[in-house]
There are 2 protein chains.
Amino acid sequence: MLDFTIQNVLIATDDDYATVDVQIIDGALAKLAGGIAAIAPNLQVIGTPIDGKNKLLLPGFFNAHTHSSEMWQRGIMSAFPLELWLAELYDFAPLDPEQVYLSALGTAVETLLSGGTSVVDHLVLIPGLELETIAIATRAYKEVGIRAFIAPLIQDESLSAGIPSGESAQKHEPYFRSTAATLEIIEEAVRQFHRPDEGINILVAPTGIQLCTDALFEGCSELSDRYNLCRHSHLLETRAQEKLAQEKYGCTAVEHLKRIGYLSDHTTLAHCVWLNDADIAILAETQSTVVHNPLSNLRLGSGIAPILKYRQAGVNVTFGCDGASSNDSQDLLEAIKMGSILHNVTDSNYQHWITPRQAVEMASLGGAKGLNIADKLGSLTVGKQADLVLYDLTNLSLLPRTDPIGLLVLGRPTNVVNSAWVNGKQIVADGKVTTINVDELRQELFNRSQWETKRKSETVAQIEAHYRTVMGL
Amino acid sequence: MLDFTIQNVLIATDDDYATVDVQIIDGALAKLAGGIAAIAPNLQVIGTPIDGKNKLLLPGFFNAHTHSSEMWQRGIMSAFPLELWLAELYDFAPLDPEQVYLSALGTAVETLLSGGTSVVDHLVLIPGLELETIAIATRAYKEVGIRAFIAPLIQDESLSAGIPSGESAQKHEPYFRSTAATLEIIEEAVRQFHRPDEGINILVAPTGIQLCTDALFEGCSELSDRYNLCRHSHLLETRAQEKLAQEKYGCTAVEHLKRIGYLSDHTTLAHCVWLNDADIAILAETQSTVVHNPLSNLRLGSGIAPILKYRQAGVNVTFGCDGASSNDSQDLLEAIKMGSILHNVTDSNYQHWITPRQAVEMASLGGAKGLNIADKLGSLTVGKQADLVLYDLTNLSLLPRTDPIGLLVLGRPTNVVNSAWVNGKQIVADGKVTTINVDELRQELFNRSQWETKRKSETVAQIEAHYRTVMGL
């Protein structure tokens with residue numbers, strides 16, 4: 001990286017704005033490539049001057065839960081709840097490494113151009129090509145330069161086990177790979193790819209209680225402790241999963257995960273829609289982080305996660321786009337907007353509502369806390385790494401001028417990211433990603449796809465009647 | 001207008017897509033400037049050829065409820081429910097005709113660039129300059145070329161009357177203008193500006209039962225009958241209004257509006273959040289149209305309108321952005337997306353969920369029905385007027401290629417409107433509005449505003465305690 005100084009830029013102060021200069025200096029901080037060295041008015045220009053006039057500087061946001069390869073099926077998935085949607089998704093999952101590469105690029109680009117400098121990719125692995133899948137995603141994220149938290153999605157039970165059995169016990173096919181073999185893949189991925197200082201992190205990430213044994217969760221906890229890895233999982237996304245947990249454990253999923261030791265201050269849990277008050281207290285006590293994916297929860301009819309309750313209980317909350325098949329975009333500003341205003345209908349006391357400034361903090365510092373790097377990222381603080389985004393406040397979608405953060409969070413900002421840096425390296429300039437050729441990416445996505453009207457999932461046909469019966473539909 | 005033929009364009013058929021040519025011919029239809037003359041593959045090129053390859057053609061959508069001048073306060077309004085929000089809004093309402101002009105332009109541009117070719121502007125009038133306000137909005141919409149339905153917002157009770165009184169009866173200041181004088185202004189506006197053939201329509205539009213007497217509603221109905229005008233109003237946006245209706249009428253607002261004859265097949269009703277089953281039956285019976293404003297209803301915590309119930313009861317539903325102070329954008333695609341997926345959490349039977357194709361029909365034909373022009377607009381049909389939008393399917397936000405309408409409705413399309421025509425006249429080409437200088441507009445919006453952190457509404461300070469008591473907060 002090169003040193004640079006952003007001049008005359010608007011930043012948020014406690015409850016106001018200030019116009020300042022921000023110096024980013026290579027090697028200014030021990031072990032950091034590019035760190036925030038000073039924030040004050042009228043600083044000396046060190047390195048390249050960057051014009052911050054009429055622009056807002058914020059810490060980069062975290063897209064704290066997604067599945068990049070779902071990009072291939074966005075726009076076409078049926079209007080189904082999660083359990084049937086997943087069956088359809090898996091029937092048509094992309095199995096070509098090149099597709100995985102392109103959708104990781106696409107996910108990174110859309111995240112970056114909507115204010116995200118970090119992405120947690122709960123990465124679907126191609127069976128038999130697991131390490132290759134992880135290698136490809138790593139390559140894509142390194143090329144773009146976004147900070148990546150790759151969470152290889154693993155399970156050790158077959159898909160049908162994820163639906164409650166109801167009255168009669170069901171038999172399920174065993175999963176095609178043993179628990180031990182799966183854990184071995186993850187450990188090998190950590191050895192090969194886990195390089196936090198280079199912006200690539202591997203997480204342990206069992207998909208969730210609906211498709212994982214205790215042995216898998218415990219094996220993941222053990223790897224997490226041994227290699228200092230963050231932990232990730234889906235948690236209680238649907239009412240069906242709430243039922244299933246009671247069938248499987250005789251208690252709530254949260255109680256069970258606490259008992260087996262998966263919850264921690266470096267555990268991020270996607271969704272958390274169907275938790276009760278005791279569960280919420282457990283999340284607070286274990287300092288676990290909730291990743292709220294509002295668009296996906298609406299699209300799949302999963303429900304409205306009780307985010308205001310989480311915040312009142314002191315549970316850390318951040319935002320994710322979730323995979324593009326259940327959203328169907330990777331626009332983080334959209335997720336932040338919806339994840340803020342959606343909850344106003346759940347509590348008539350408006351003093352509890354999430355303000356735009358709180359939403360920005362949830363999306364930045366909230367993500368950093370969940371990923372155990374709040375000491376290095378998540379705020380505009382001298383001594384932290386420079387994962388920064390500069391927004392153009394002269395864009396029509398942010399006019400007329402009122403409250404910049406209010407406009408950014410509550411409006412529908414379009415083409416507003418002027419520049420972005422990850423660890424001091426500029427990867428967006430003048431509104432364009434500078435590290436890869438986005439036009440070529442667009443052409444590849446076009447060439448490798450075709451317009452489709454509809455399609456029929458065989459697995460859905462097999463399980464739909466059972467699902468409807470169990471769920472009382 | 002000039003005749004033109006869109007070649008090789010994708011259109012939606014019953015449950016598939018087809019590639020066709022579409023001829024738009026001046027004078028092809030009696031009384032129509034630009035009409036759809038033919039839709040079929042391999043047509044002769046008449047007039048200018050337009051390349052439709054890799055593009056999707058849809059009928060223009062209706063932004064069926066907004067308040068254009070609210071654009072001046074987007075991003076800065078406090079996190080309040082409607083009643084307090086309105087007090088803050090009015091304390092800072094723009095009172096300068098030039099501001100009204102610029103925000104009407106801005107509303108038109110954002111609507112157009114998100115697929116809308118018609119806008120219903122429930123226009124806030126500057127006191128003492130009522131006809132001038134309407135003249136200015138008319139001028140702005142004519143300049144842009146969008147089809148405008150100007151609904152001058154009127155009331156004849158003072159703002160405090162809009163909050164339920166609770167136990168003790170409250171006294172309110174009389175409104176500053178008499179009911180008769182208000183109706184005279186509307187009648188004069190009709191004489192001066194109501195020119196449906198030129199794309200400018202005046203509607204009668206009392207703001208709602210919370211601030212209007214029966215005399216005002218009845219006077220509006222009479223004008224509507226005499227001049228063949230559509231009718232518009234807010235209806236039961238909040239729980240407070242539901243309470244107020246019971247206090248005021250001893251029955252629901254819908255029962256009362258039916259009794260006084262305001263409901264009809266040319267009445268559009270914004271919000272409709274707090275209706276019961278009997279109310280819904282009345283809307284169906286009177287063929288009234290619900291305008292769903294999902295973003296605003298969330299932002300103000302008003303609630304989730306029972307849209308799936310409306311559809312099941314046969315009530316026509318269409319979408320609006322609502323004013324930009326409660327949204328805080330005018331992006332119609334965002335309103336359509338949220339207005340579709342939001343309801344999935346209200347009904348676990350996914351067979352009732354709104355599909356992307358249904359959403360497109362609600363946004364186009366649904367709007368045309370509500371505004372009593374479904375014979376002329378709202379679908380891609382030979383013999384209808386050419387209010388059309390052409391979407392670029394090679395845009396990154398619509399890739400990879402899957403189901404074009406699914407991507408458009410469920411994704412987050414950005415910069416996807418390639419061209420738009422209103423009554424056969426092209427007003428967007430190559431992604432740019434061709435009729436006005438949008439860069440100049442941007443500059444004017446910038447120059448006439450400044451970044452603000454916060455502000456204090458005096459009226460809110462006066463009424464907040466009473467509001468909290470009455471609402472049990």
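This is a predicted model: local features need pLDDT of at least 70, side-chain atom pairs count only at pLDDT 80 or more; totals for chains, interfaces and linings use all residues.

User: Okay, which domains does chain A have?

Analyst: The domain assignment gives chain A two entries: domain 1, made of 4-53 + 383-433, and domain 2, covering 61-370. Their centres, taken over C-alpha atoms, are 29 Å apart.

User: And how many residues from each one are in the contact?

Analyst: Domain 1 of chain A puts in 29 residues and domain 2 of chain A puts in 22 residues. Between them they bury about 1900 Å², with 65% of that on carbon and sulfur atoms.

User: Which residues of domain 1 lose the most area there?

Analyst: That would be A:Val409, A:Leu410 and A:Val433, which together make up 27% of what the domain 1 side buries against domain 2 of chain A.

User: What about salt bridges between those two domains, how many?

Analyst: The count is one salt bridge. As for salt bridges in chain A, A:Arg147 and A:Asp387 meet through their side chains at 2.7 Å, N to O. There are also six residue pairs in polar contact across the interface of domain 1 and domain 2 of chain A.

User: Which element gives the most on the domain 1 side?

Analyst: α13(A), with five residues on the side that touches domain 2 of chain A. By class, that side of domain 1 has 18 nonpolar, six polar and five charged residues.

User: Switching topic: how many residues do chain B and chain A bring to their contact?

Analyst: 77 residues come from chain B and 77 residues from chain A. The two chains bury about 6900 Å² between them, 60% of it on carbon and sulfur atoms.

User: Which three residues of chain B supply more of that area than any other three?

Analyst: B:Arg401, B:Arg412 and B:Trp451, which supply 14% of the area that chain B buries against chain A. B:Arg412 also has a salt bridge with A:Asp331, at 3.0 Å from N to O.

User: How many salt bridges and polar contacts are there between the chains?

Analyst: Four salt bridges between chain B and chain A, and 37 residue pairs in polar contact. Several elements of chain B give two or more residues to the side touching chain A, among them α2 (97-112) and α15 (458-470). The residues on that side of chain B divide into 34 nonpolar, 24 polar and 19 charged.

User: And how many salt bridges over all chains?

Analyst: 42. One of the pairs is B:Asp96 with B:Arg448, where the closest N and O atoms are 3.8 Å apart.

User: Where do B:Asp96 and B:Arg448 lie?

Analyst: B:Asp96 is in the loop between α1 (82-91) and α2 of chain B, and B:Arg448 is in the loop between α14 and α15 of chain B, so the pair ties together parts that are 352 residues apart in sequence. B:Asp96 is partly exposed at 30% relative accessibility, and B:Arg448 is partly exposed at 36%.

User: Last one: which residues are linked in a network of salt bridges?

Analyst: A:Glu184, A:Glu187, A:Glu188, A:Arg191, A:Glu222 and A:Arg226. Within it, A:Arg191 and A:Glu184 have their closest N and O atoms 3.8 Å apart. A:Arg191 is partly exposed, with a relative accessible area of 40%, and A:Glu184 is partly exposed at 38%.

Technical notes
Residues are numbered from 1 along each chain as its sequence is written. Chains are lettered from A and ligands numbered from 1 in the order in which they are written. Side-chain values use heavy atoms; hydrogens and water are left out. Domain bounds come from an automatic or database domain assignment. Contact means heavy atoms within 4.5 Å. Buried area is the accessible area (1.4 Å probe) that two parts lose on being put together, summed over both. A polar contact is a pair of N or O atoms within 3.5 Å; within protein, one must be able to donate a hydrogen and the other to accept it, and residues adjacent in sequence count only if both atoms are side-chain atoms. Helices (H or I, at least four residues) and strands (E, at least two) are DSSP runs, numbered from the N terminus. Ala, Val, Leu, Ile, Met, Phe, Trp, Tyr, Cys and Pro count as nonpolar, Asp, Glu, Lys and Arg as charged, and the others, Gly among them, as polar. Buried means under 20% relative accessible area, exposed over 50%, partly exposed in between (1.4 Å probe, protein chains only).
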